[in-house]
Amino acid sequence: MEFNWQGIITSALTVGLITYVINSASHSVEKGQLKYGLFIKGLGIVCLICFWGPLWVYLTESYQVNKPGEAAALIGLTIGFGFFAICTIGEGFFVTGSYDESTINFSTPWTGSKASNWGDLESVKFNILCSWYVLQFKDGHTIRISSYLGGNGYLLDFLREKGHDF
């Protein structure tokens, strides 16, 4: 049996990078603040650059599309990187939050702004598939705190001190 060493090394480096980013983000901003750091913002910019590349090639016809599927590949790359650029730029630059002893304020481009009192917090659960914490409040608000969000470690410490188990 032959091992794919390149795949094993790439997987190990990817897991190591993700673990490093999550651990460094947890306490990367001052207490009471929630915002993304350079990793997510940089990833969004890289996706935007990778979106413009195939789009430019396709629109200017600077690449000869000779084989079946090449045009579809350029279109697929453009759509895929465009989608991820919108998502990561939206998250990285426009998701913010703050909290104190009595309230949490959280704003995303996807769900708008939410403000809730800690006294109304019903549950805190971790969604392992999406790697975020789901805060459910009595007033119906749901706030999702990503593991990549800077300051999430301080918030989790604060919630544990308040007696929440997750």
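**Figure 1. Contacts of Ile 145 in the predicted model.** Apart from neighbours within four places in sequence, Ile 145 is in contact (heavy atoms within 4.5 Å) with Leu 34, Phe 106, Trp 132, Tyr 133, Leu 135, Asn 152 and Leu 155. This is a predicted model, in which local features need pLDDT of at least 70 and side-chain atom pairs count only at pLDDT 80 or more, while totals for chains, interfaces and linings use all residues. Residues are numbered from 1 along each chain as its sequence is written, and side-chain values use heavy atoms, without hydrogens and water.

**Figure 2. The largest nonpolar core.** A nonpolar core is a set of buried Ala, Val, Leu, Ile, Met, Phe, Trp, Tyr and Cys residues joined through side-chain atoms within 4.5 Å; buried means under 20% relative accessible area, exposed over 50%, and partly exposed in between (1.4 Å probe, protein chains only). The largest such core has 20 residues, and those with the most contacts inside it include Ile 145 and Leu 155. Two or more residues each come from strand 3 (103-108), strand 5 (121-127), strand 6 (132-137), strand 7 (142-146) and helix 4 (152-161). Helix 4 gives the most, four residues. Helices (H or I, at least four residues) and strands (E, at least two) are DSSP runs, numbered from the N terminus.

**Figure 3. The aromatic pair of Trp 118 and Phe 137.** Rings of Phe, Tyr and Trp (its six-membered ring) pair if their centres lie within 6.5 Å; planes under 30 degrees apart count as stacked, over 60 as edge-to-face and the rest as tilted. The whole structure has nine aromatic pairs. Trp 118 and Phe 137 form a tilted one, 6.2 Å centre to centre with 40 degrees between the planes. Trp 118 is buried at 6% relative accessible area, and Phe 137 is buried at 1%.
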